[in-house]
Amino acid sequence: MSTRRLRSDPKTLGDVNLATQELKNLYFKRLLPIEKYYSFHHFHSPSYEDAEFDNQPMVLVMGQYSTGKTTFVRYLIEEDFPGSRVGPEPTTDCFTALMHGGVEGVIPGNALTVDPRKPFRHLDPFGNAFLNRFQCVQMPNKVLESISIIDTPGILTAAKRKLSRGYDFPAVLRWFAERVDRVVLLFDAHKLEFSDELTRAFGALSGYEDKLRVVLNKADRVDAQQLMRVYGALMWSLGKVFQTPEILRVYVGSFWSEPRQMCDHYQLLELEEEDLLADIRNLPRNAAVRKLNDLVKRARLVRAHAHVISYLKKEMPIVFCKESKKHNLIYQLPLIFTQIQQRHRVPAGDFPDCTKMQEKLLGQDFSKFKTLKPSMMASLDKLLTSDIANLVPLIQQQELRKKSLPGVLDGEFLGTFRPEHYKKDSFKERSGEADLVEWAVEKHKPKYDEIFFSLGPNGGKLNATRVKEWMTTSLLPNSVLAHIWRLSDVDGDGMLDNEEFALAVHLIEGKLEGQWLPRELPSHLVPPSKRQSSAGNDE
C-alpha cells in the first residue's frame with residue numbers, strides 16, 4: 001500500500017478516530033458537568049472544545065530574540081512561511097501558528113477566536129493587544145499535515161525589560177504550554193543571558209516541565225572549551241530557575257539547513273540533532289497518550305478543586321460575619337489543603353498553586369459555592385480508576401498505525417545511510433511526456449563525472465559508505481544529505497551510478513546556494529536512463 005493511500009484509508013484511520021471520540025465522550029459527558037457545577041473555569045483553565053481533541057499535535061518554539069527560533073521552524077518544515085524574517089534584532093513580533101491548509105494564507109488573531117475548527121477560541125480574554133499580534137499561517141506542507149508549530153516573539157533581554165508588550169506575555173505562554181505537546185526552548189551559545197522576562201516565562205512553564213526540551217543552538221560557532229563552559233553555565237542556571245532535583249535534557253546543536261562550521265564536536269552535533277528530531281517525530285504517534293495524560297491531570301485537579309470549594313461552602317456562616325470568615329478561610333487555605341489531603345486521601349500534587357488560588361478566591365462569593373455531591377465524586381473516581389484505563393489498549397493500537405513525519409523529521413531520512421534501514425521512497429507521478437523533458441543536470445555532468453570516477457566506483461556504481469564520505473565534506477547536516485540520497489537513488493538499489501551521483505552533486509550545489517530541496521523528484525531532474533523504469537514503478 002502506498003503512503004498516499006495509507007493516509008486516506010478509512011479502515012486505517014478508524015481506530016484513531018475512535019480513540020479520539022472516546023476521549024471526547026469522557027470529557028464532555030463525565031468531566032465537564034463536574035467542572036461547571038464547581039465553577040472550575042473561574043479558577044483554572046477554560047473548558048476543552050472539540051478542536052483541542054481533533055487538531056494535530058502542536059510544538060511551541062520559544063526563546064530570547066536572535067536564538068534561531070524562526071530558523072529552527074524553517075528547518076523543520078523545509079521552506080519559508082509568510083511573515084517570517086530572520087535577523088540579529090527582534091524580528092518576530094507576534095505569535096504565529098503554522099498549520100496545514102490546502103491553500104497558503106494568513107488568518108488574523110480575531111478571526112481565529114471565532115473559528116470552531118481551530119483550538120484558539122479561548123484566547124479571546126487576552127484582548128486586542130494580543131490578538132493583533134497573533135496569526136495563523138496555513139500552508140500545503142507535508143510536515144504540517146502531522147504537527148502544528150507555534151513561533152513566538154523573542155523574549156526580551158535585561159536591556160529591554162522596561163518595554164511593555166501590552167498584554168500578559170507569561171499568561172499567554174502558559175495558555176499554550178497547557179495545550180501543546182512539546183515546548184522547545186532555544187538558547188544561543190554566544191550570548192547566554194537570563195533576563196527578568198525569561199525568568200517569568202519559566203514560571204509560566206511550571207508544571208509542564210515534562211513537555212520542555214531545551215536546545216543550546218549555534219553550538220558550531222564556539223570551540224569545545226567554550227561549549228563546555230556555556231553548557232555548564234546553562235545547566236546551573238536552569239537548576240536555579242526550576243528548583244527541581246531532576247536535570248533537564250539540553251540538546252546541543254546548530255539547527256538550520258545551511259553548512260555547519262567544522263569543529264571538534266561536529267559528530268556530537270549530529271547525534272544531538274538526531275535525538276531531538278526523533279523526539280519531535282514521535283509526537284503524532286504519542287498524541288493520543290498526551291491527550292489522555294492531560295485529561296487525567298485535569299480530572300485530578302477537578303477532584304481537588306471540588307473538595308476545596310465544598311469545604312469553603314460548609315465552613316461559611318449562614319447570616320453573620322460572612323466577610324471576616326471568608327478572609328479567615330483564605331488565609332488558612334494551606335491548612336485546609338492539608339486537612340483535605342488527610343481526610344479524603346487526595347495527593348498533595350493534585351492541588352492547585354495555593355497563592356494563585358488565594359488570589360482567585362478574593363473576588364468570589366462563597367455563598368454561591370456548591371457542597372460536595374457524592375454521586376458526582378463517585379463518577380469522577382470511576383473515570384479515573386476504570387474508564388480511562390479501558391482506553392489504553394485502543395490508544396496502543398492507534399500508535400502502531402501512526403507513520404513517521406515526512407521531510408527532515410522522517411526517521412527513514414536519518415537512517416538512509418544505514419543499509420539495514422534503507423527504504424526507497426516513491427516519487428510523485430509524472431506526465432507521460434517526461435522523456436521529452438531536458439535533464440537539468442546534463443550540462444554539468446562532465447564535471448560531476450570527474451568526481452565520480454575519482455572515488456573509485458565498483459562495477460560502475462558507488463556504495464553508500466563511499467558516497468557518504470564524500471557528501472559530508474559539504475558540511476551540510478546529515479538529515480539534509482540523507483534527503484539528497486533518497487532523491488538521487490532513483491532505482492532504489494542502495495548505490496549510485498554516474499547519473500545518480502551527478503544528480504546528488506547537483507542537489508548539494510543547489511542547497512549550498514540557498515535553494516530549497518524538492519520533497520519528491522520532479523520529472524526534469526530524473527536521469528534519462530531511469531525515466532521509463534521510474535514511471536513503471538509509479539504505475
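# Packing around the sheet and its helices

Colleague: Which strands does helix H5 lie across, and at what angle does it run to E5?

Modeller: Helix H5 (residues 69-77) lies across E1, strand E2 (95-100), strand E4 (134-139), E5 and strand E6 (182-188), and it runs at about 165° to E5. Axes here are lines fitted to C-alpha atoms, for helices over the stretch in contact, and angles run from 0 to 180 degrees between N-to-C directions. Helices (H or I, at least four residues) and strands (E, at least two) are DSSP runs numbered from the N terminus. Contact means heavy atoms within 4.5 Å.

Colleague: What sort of model is this, and how are residues numbered?

Modeller: This is a predicted model, in which local features need pLDDT of at least 70 and side-chain atom pairs count only at pLDDT 80 or more, whereas totals for chains, interfaces and linings use all residues. Residues are numbered from 1 along each chain as its sequence is written, and side-chain values use heavy atoms, with hydrogens and water left out.

Colleague: In what order do the strands of the sheet come?

Modeller: The order is E3-E4-E2-E5-E1-E6-E7-E8; these eight strands form an open sheet with mixed pairing. Two strands pair if DSSP finds at least two bridges between them. Strand E3 (105-108) and strand E8 (250-252) are the edge strands, each pairing on one side only. On average, neighbouring strands of this sheet are turned by 25° against each other, direction ignored.

Colleague: Is E2 paired parallel or antiparallel with E4? And with E5?

Modeller: E2 pairs with E4 in the parallel sense, over six bridges, while three bridges join E2 to E5 and those two run antiparallel. Ala97 has Cys136 as its bridge partner in E4 and Ile150 as its bridge partner in E5.

Colleague: What about E1 and E5: how many bridges?

Modeller: Four bridges join strand E1 (residues 58-63) to strand E5 (residues 148-151), and the two run parallel. Leu60 has Ile150 as its bridge partner in E5.

Colleague: Why is E2 described as largely enclosed?

Modeller: Five of the six residues of E2 are buried, so E2 is largely enclosed by the rest of the structure. Buried means under 20% relative accessible area, exposed over 50%, and partly exposed in between (1.4 Å probe, protein chains only).

Colleague: Back to H5. At what angle does it pack against H11?

Modeller: H5 and helix H11 (residues 266-281) pack at about 70°, with their axes 13 Å apart. The two helices are therefore roughly perpendicular to each other. Angles under 35 degrees count as roughly parallel, over 145 as roughly antiparallel, 65 to 115 as roughly perpendicular and the rest as oblique. Phe72, Tyr75 and Leu76 of H5 make the contact with Glu273, Leu276, Leu277 and Ile280 of H11.

Colleague: How far apart are the axes of H19 and H22?

Modeller: Helix H19 (residues 445-454) and H22 have axes 9 Å apart and pack at an angle of about 110°. H19 and H22 are therefore roughly perpendicular to each other. Among the residues making the contact are Tyr448, Ile451 and Phe452 of H19 and Phe501, Ala502 and Val505 of H22.

Colleague: Where is Trp516, and what does it touch?

Modeller: Trp516 is in the loop between helix H22 (498-512) and helix H23 (531-538). At 34% relative accessibility, Trp516 counts as partly exposed. Not counting residues up to four places away in sequence, Trp516 touches Arg74, Glu78, Glu79, Asp80 and Lys511. Trp516 and Glu79 are 437 residues apart in sequence and 6.6 Å apart in space, C-alpha to C-alpha.

Colleague: Which residues of H13 are buried?

Modeller: In helix H13 (residues 322-331), the buried residues are Lys326, Leu329 and Ile330. Seen down the axis of H13, they fall within an arc of 100°, so they line one face of the helix. The arc is that of the directions from the helix axis to the C-beta atoms. Their cover includes helix H12 (283-315), helix H14 (333-344) and helix H15 (354-361).

Colleague: What is the phi of Ser39, and where does Ser39 sit?

Modeller: Ser39 has a positive phi of about 55° although it is not a glycine. Ser39 lies in the loop between helix H2 (10-37) and helix H3 (40-43), and it is partly exposed, with a relative accessible area of 24%.

Colleague: Finally, how many helices and strands does the protein have?

Modeller: The protein has 23 helices and 10 strands. Of its 539 residues, 51% count as buried.
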